[in-house]
Amino acid sequence: MTEAARVLPFPETPPPARGASAVLCGLGTWLPSRVVTNADIASRLDTSEEWIRGRTGIRERRVVDPGVSTSDLAVEAGQRALKSADLDHVDAVVLATTTPDHPCPATAPEVAHRIGLERAAAFDVNAVCTGFLYGLASGAGLIATGVAERVLVIGADTFSTIVDPASRTTAAIFGDGAGAVVLRAGAPHELGALGPFDLGSDGQDADLITVPSGGSRQRSTHEPPEPGSEFFQMEGRTVFRKAIYQMSGSAQNVLRKAGLGLRDVDRFVIHQANIRIVNGVADMLGQPVAKFVRNIGEVGNTAAASVPLAMASACESGELRAGQRVLLGAFGGGLTWGATLLRWPDIEAM
Ligand code: UT7
């Protein structure tokens, strides 16, 4: 086929309506099959099964095999979300990730292509562990402005490719995975309608969670990177405190914007960074921990995939039921944080 024949004609699509709400109508996930237990980590690092489980709530995590990348997980989760929504096309793909396949270009266009979403707009969002919330807000914005009628939002990360294998702290926490949702244009009263959103950042604390080398700051020096600086680094103790504070604040902000109170929330699905952080948020908000979904024991901290993986696990177990008011929240590097609300739709997670 000639280049002109491949590009033309453009399909005639009616302009979507402006001002629509984004309605969550499909949910899919994908985890690598390789399980790494706490005992596996304790067998090679100066830590113990008890320390990891007691200090983080994590029992095991999934890790990709050599050669498997973020796009591989994102494609699987995206396909499942489309199946869950019973759709075969969307207008845009937003991929939240901190571990793209390459520094350039973005990974989303390749993911869209491999799913068969030809011509869809596609871009990456990097807000580290808040990425999925930023991705949802981006998708909702594309729908509200009439740019897209349907959006696939994927959170996918392979932190095993950036954690220092010799670091007992980060190697014990992070796992790989992907989760995706389909958003469609709809009305604010529908089950699944997202909003309002609360998003925020504080770049003053950018170095609390960082991969120091590999970007223009280091490369422009033309000096070789410091040994170890290509790995993910985190000031765990400070991040721990800030995660509780900012996720609690963001939850309160989004409820204030919605004119709702904490008692109106049936379930909280927040970033699974550490079970003690989830418990800390429940405590700070004065809410029973039973209202907080938890799946960190089986998957660890999966960064941008954390919130959709937690939603899917609670949907499958029946913990999330249609009609319940759900608060989604996250916190991550940047620093960044965010929250949104929805009434849970009648969907099946795939
Ligand atoms: O995803 C978004 C961003 N990430 C997070 O939100 C993660 C936030 N941080 C955390 O979850 C926790 O800070 C960690 C799990 C990273 C660490 O737990 P902690 O309870 O805050 O431990 P700590 O850093 O205060 O260290 C306590 C002790 C230290 O020993 P000393 O100085 O008291 O002798 C550490 O060296 O525990 C030691 N330690 C370990 N010991 C055994 C740290 N990691 C380990 C380990 N095994 N894996």
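Which elements do the buried residues of α4 pack against? They pack against β1 (21-30), β4 (92-96), α5 (108-115), β6 (150-158) and β7 (176-186), where contact means heavy atoms within 4.5 Å. Here buried means under 20% relative accessible area, exposed means over 50%, and partly exposed lies in between (1.4 Å probe, protein chains only).

Before going on, please note that this is a predicted model, in which local features need pLDDT of at least 70, side-chain atom pairs count only at pLDDT 80 or more, and totals for chains, interfaces and linings use all residues. Residues are numbered from 1 along each chain as its sequence is written, and side-chain values use heavy atoms, leaving out hydrogens and water.

**Two helices**

Helices (H or I, at least four residues) and strands (E, at least two) are DSSP runs, numbered from the N terminus. The expected span of a helix is 1.5 Å times one less than its number of residues.

| Helix | Length | First to last C-alpha | Expected span |
|---|---|---|---|
| α4 (70-85) | 16 residues | 22 Å | 22 Å |
| α9 (236-258) | 23 residues | 32 Å | 33 Å |

Among the buried residues of α4 are Leu-73, Ala-74, Ala-77, Gly-78 and Ala-81. In α9, the buried residues include Phe-240, Ala-243, Ile-244, Met-247 and Ala-251. An α-helix has 3.6 residues a turn, so residues three or four places apart point the same way.

What comes after each helix? Asp-86 follows α4 and has a positive phi, near 55°. Gly-259 follows α9, and its phi is also positive, near 70°.

**A glycine in a loop**

Now look at Gly-195, in the loop between β7 and β8 (197-201). With a relative accessible area of 26%, Gly-195 is partly exposed. Gly-195 touches Thr-340 and Leu-341, leaving aside residues up to four places away in sequence. The C-alpha atoms of Gly-195 and Leu-342 are 6.5 Å from each other, although 147 residues separate the two along the chain.

**The whole protein**

Stepping back, you will find 12 helices and 13 strands. The radius of gyration is 20 Å, close to the 20 Å that the globule rule gives for 350 residues, so the protein is as compact as a globular protein of that length. This radius is taken over C-alpha atoms, and the rule is 2.2 Å times the number of residues to the power 0.38. Of the 350 residues, 51% count as buried.
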